[in-house]
Each structure stands twice: as structure tokens, then as C-alpha cells.
Amino acid sequence: MTSNSEMLLLYDKYSDWYNSIVNNDLEAVNNILEHQGSNRQFLLINGTFDYGLHSSGKLKDLFLPFHPLSLAVVSHAKDVLVHLLERGADSSALDYMEGNVIHILVIKAFLHPEKGEDMCEMYEILVSKVPLEVLRELLFTDNKDKLRPLELACQLGTFCLIRTIFETENVYMIKAGRIGLYEIKRYDVTDYENCDDSCRKSKSPMMFLAHIDNRELDDRNIIDFLRWDVVKFWTEGKVYCN
């Protein structure tokens, strides 16, 4: 069994590994991994970065995920993300605030709104590469604040990710098809609409709408979100619950 201390990636020692991930330098990532034994490769792929207070001045971003996979996501390192997943990176590993890799990309989009589309793209890569059962687990896992990734996106107002996550097939969007010229989609909102003890109604995306400040209604992202058919139908009580 490997101890937590044995899985630490001290930044000063592993700065080349850190930089190769952040810069999406797939050649450097491969070169580093290929010169290591299997145990060391596992450490590099699934270890935990320890940046140290003395290293803070050397790093570009104040938001620093612990795991290489999360670091690749927030760095928009698409090639490295795919490579790490193919090499066996643990997509379920907990990171900042006990959140998983999807929680992490939501936080990145909140801290850097200009990176919102990039984080949506990274989410789509995760969806395409992670098995459905693992993806469902990631999307239904709470962070330290007892929020799932979709709920965190709603709380933080990362509109691009709210829509992108809610459109995830076979998780939230459970059926899509056409009737004549019309595209029909069905969404599973059971957790937010039933009335048993497990109900998460207080964390529903619809609760977020009640807290939108009037001053924000000029924001194009908010306007587009409010005009989204799913939001309109849900607020009108026309979304079917399974």
C-alpha cells in the first residue's frame, strides 16, 4: 500500500512535470514518463502536487489543483488530458475542497470567466473519454459543501457549464429524438422535484434563478440562459420527471 506522503509531487522537484502539463507539451510528458519505471509513472500520473508556500511566486495561477489530471483540465491542456486518461489517471480522485475534476473545472470557469468556453471543451473531452458509469459517479458526487458539479455551477453562475453539464446524455438528458420537424429532449430532474427525504430541491438549478440580481439581467450570458428552452419549460412545469 502506498502512503499519502509517498504520493506527493513536490513542486521544486517535479517542476518539469508540472510545466509539461500546463504547457500541453505532450512530447515532454511522454519523455518524462518513458524514462520512469512503472511505480514512478503511477506516481507522476496519480500523485498529488505539493506546491509549498515558497514556490508561490514561481507559479502563474493562484488556483492550483492538486492532481495532474485536474491541472491538465484547468490549463486547457487537451492533448495531455487525453494522454493521462489513457495512461490510467484516476478521474475520481478528490481535489480542492474535496471536489472531483468536474468540480475543479467549474471553479476555474468561475475564477476566469474568459476561460468558460475552454472549460466546456475540457468537459466534453472528459465525457468522451470516461466510461459512463464513472461519469455518472463524478456528476453525482458532492464536494465539501455538499454540492454536485451542476449545483456548484449554478451557485457560481458559470452559465456555459450549467448548460453543457445538463446536456450530458444518459445522465441528465435521458432521451433525445425527433417528431416531424421538432427535436424532442427529455431531462431527468427527479432529484430536484420529488418530495422524499433524498430530495435536493434546495439545490435545484431553478433555485438559482430566484437569486439573480436585477443588475445582472443585462449580461448576455444570463439572458441566453433564461431564454434556454429547458429553463423556460422547467419554470413552466412542463419538464417531465421520471
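**Disulfide**

I searched the whole structure, a predicted model, for disulfides, pairs of cysteine sulfur atoms within 2.5 Å, and the search returned 1. A disulfide is a covalent bond between the sulfur atoms of two cysteines. I noted the partners as Cys120 and Cys160, with an S to S distance of 2.1 Å. Cys120 belongs to helix 7 (residues 116-129) and Cys160 to helix 10, so distant parts of the chain, 40 residues apart, are linked.

I then looked up the accessibility of the cysteines. Buried means under 20% relative accessible area, exposed means over 50%, and partly exposed lies in between (1.4 Å probe, protein chains only). Cys120 is buried, because its relative accessibility is 6%. Cys160 has a relative accessible area of 24% and is therefore partly exposed. I also checked Cys154, which is buried at 3% relative accessibility.

**Basis of the entries**

I number residues from 1 along each chain as its sequence is written, and side-chain values use heavy atoms, without hydrogens and water. In this predicted model, local features need pLDDT of at least 70 and side-chain atom pairs count only at pLDDT 80 or more, while totals for chains, interfaces and linings use all residues.

**Helix 10 and helix 13**

Two packed helices are described by the angle between their axes and the distance between the axes. I took axes as lines fitted to C-alpha atoms, for helices over the stretch in contact, with angles from 0 to 180 degrees between N-to-C directions. The axes of helix 10 (residues 159-166) and helix 13 (residues 220-227) come within 9 Å, and their crossing angle is roughly 30°. The two helices are therefore roughly parallel; angles under 35 degrees count as such, over 145 as roughly antiparallel, 65 to 115 as roughly perpendicular and the rest as oblique.

I listed the residues in contact (heavy atoms within 4.5 Å). Helix 10 contributes Phe159, Ile162 and Arg163, and helix 13 contributes Asn221, Ile222, Asp224 and Phe225. They divide into 4 nonpolar, 1 polar and 2 charged. Here Ala, Val, Leu, Ile, Met, Phe, Trp, Tyr, Cys and Pro are nonpolar, Asp, Glu, Lys and Arg are charged, and the others, Gly among them, are polar.

**Positive phi**

I found Asn24, not a glycine, with a positive phi near 55°. Asn24 sits in the loop between helix 1 (15-22) and helix 2 (26-34) and is partly exposed at 24%. Asn170, also not a glycine, has a positive phi of about 65°. Asn170 lies in the loop between helix 10 and strand 3 (173-179) and is partly exposed at 45%.

How values were computed:
Helix = DSSP H or I, 4+ residues; strand = E, 2+ residues; numbered from the N terminus.
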